[in-house]
Amino acid sequence: MSPQSLGGTAERRKRSEAEDIEESERRNRSEDAGEPTRGTPPSKERRRDTEPLEGTMAEMPSSMTVSPKLERIAKLAKQAPEMAFTSLSHHIDIDWLREAYRRTRKDGAVGVDGQSASEYAANLEGNLQSLLDRAKSDTYRAPPVRRVHIPKGDGSQTRPIGIPTFEDKVLQRAVAMALEAVYEQDFMNCSYGFRPGRSAHQALSALREEAMRMGGGWILEVDIRKFFDTLDHVRLREMLRRRVRDGVLLRLIGKWLNAGVLEAGELSHPEGGTPQGGVISPLLANIYLHEVLDVWFEQVVKPRLRGGAYLVRYADDFVILFSYGDDARRVLRVLPERFGKYGLTLHPEKTRLVEFRRPDRRRMPGEGSADGPGTFDLLGFTHLWALSRRRVWVVKQRTASDRLSRALKSVAEWCRRNRHLAVSQQWKALNAKLRGHFGYFGLEGNSQRLASFRDALIRTWREWLNRRSQKARMTWGRMGLLMKRYPLLPARVRSPSPA
């Protein structure tokens with residue numbers, strides 16, 4: 001075999017692995033097939049991989065002992081908002097780790113040790129006891145995360161994803177459970193990302209309702225440049241110590257922050273950031289932005305504004321709706337300085353001010369353009385004003401063009417790679433993709449984009465069925481007969497989520 005052939009084979013294997021990882025990790029990202037938070041109810045067709053939080057979970061022996069502990073921590077945190085906890089780690093025992101294991105996804109990609117969840121479960125009790133002993137005795141060594149890159153936006157760029165080992169995920173989950181009980185009492189209503197009982201759909205619903213109540217206004221659409229890569233470790237530790245002074249937990253978090261990244265066989269130790277993909281990373285991100293943005297906006301910014309303002313944040317994605325353009329411009333001027341104080345920068349091209357007033361609202365002299373309201377994107381949806389069937393102005397949320405394009409590229413690549421599978425197997429997989437897409441993007445008013453996705457998927461499927469062999473000819477007539485035998489799910493709109 002020629003060197004060129006070997007190189008091509010290696011490249012295809014590498015690309016295939018990245019695609020498999022993307023398929024696994026996308027289940028945790030709001031812009032694709034579903035909602036990452038544990039608070040989202042499962043659809044009738046699909047069960048979630050993790051269980052709900054305490055209080056609504058099926059009562060397992062471990063959860064029955066852990067839930068009262070979490071409730072006591074949460075109650076104390078709520079009663080004493082200024083208190084720093086010094087002994088949270090003593091709650092983490094073998095039952096706590098069993099519960100953390102139960103809540104950890106079992107189908108994720110493997111880390112640097114190559115150990116799968118099933119392999120870890122082969123000696124579960126022994127592994128959990130060993131993990132507990134090492135965590136409590138400060139002998140646990142956090143392994144580096146394995147970094148891969150998956151497509152971002154329209155697919156022209158990539159996003160780095162850090163994949164911890166399975167054991168590391170279990171311990172991160174155990175620590176996150178303790179911290180979450182504390183910080184859920186502090187977090188504000190404007191924050192929706194990766195929180196129990198909250199979801200991207202609720203964030204979208206809240207923003208839509210507030211925009212319609214205010215008659216629109218001015219939208220400040222903000223993009224934080226490489227947030228998960230530039231989060232300041234020193235600042236984060238300072239924030240954590242205000243609420244948590246437990247040495248065991250703080251040392252574990254420090255080990256994760258300094259564990260390093262393994263990419264293409266090379267180990268590096270970034271000075272800042274927290275790997276996007278780690279179990280505890282979303283919680284640390286929320287803690288960071290709670291102080292940088294949420295508290296500052298509520299306590300410092302809003303009292304100084306002339307009109308109303310409304311913040312919606314999902315992890316590091318956020319927009320702010322203002323009643324008046326001058327308020328929006330003032331905040332836009334100070335926002336880079338505020339974020340710069342904490343080592344963060346705003347993307348100059350993606351951070352922008354959008355006039356989003358209801359079209360029938362009377363224009364104030366000297367404000368806005370004659371072109372009417374603009375549009376903005378949040379969580380994979382483009383927001384725009386449109387007339388309803390009753391001829392009333394409403395805010396509609398449609399699948400963003402780059403998300404639709406990326407979803408279709410993913411389908412085309414899957415069909416190419418799996419065109420030789422049995423038609424029944426392809427049909428099941430494509431229905432699963434439709435179910436996931438409709439589950440997330442199936443908002444009221446988005447039926448046209450849902451139908452477009454389904455139609456394009458059918459065209460793509462037919463195209464690759466045609467390429468199964470030189471003799472294969474899948475005419476539209478034959479495709480119609482095949483669709484009767486293997487019907488694809490119709491485009492469907494999900495029930496609206498309460499804000």
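Strand β1 (residues 145-152) pairs with β2 in the antiparallel sense, over 7 bridges. I took strands as DSSP runs of E of at least two residues and helices as runs of H or I of at least four, numbered from the N terminus; two strands pair if DSSP finds at least two bridges between them.

The model is a predicted one: local features need pLDDT of at least 70 and side-chain atom pairs count only at pLDDT 80 or more, while totals for chains, interfaces and linings use all residues. Residues are numbered from 1 along each chain as its sequence is written, and side-chain values use heavy atoms, with hydrogens and water left out.

Next I traced the sheet. It is open and has 4 strands in the order β2-β1-β4-β5, with mixed pairing. β2 (157-163) and β5 (266-268) are the edge strands; each has a single partner, so one side of each lacks a neighbour in the sheet.

Then I turned to cavities. A cavity is a set of points on a 1 Å grid over the protein atoms alone where a 1.4 Å probe fits but cannot get out; lining residues have an atom within 4 Å of a point. I found 3 cavities of 30 Å³ or more.

α6 (166-183), α10 (247-257) and α11 (281-301) each supply at least two lining residues.

Terms used. On a 1 Å grid over the protein atoms alone, a cavity is a set of points where a 1.4 Å probe fits but cannot get out, and a pocket is an open set with protein on both sides within 12 Å along at least five of seven lines; lining residues have an atom within 4 Å of a point. Grid points are joined across faces, edges and corners, and a volume is the space filled by probe spheres set on the points.
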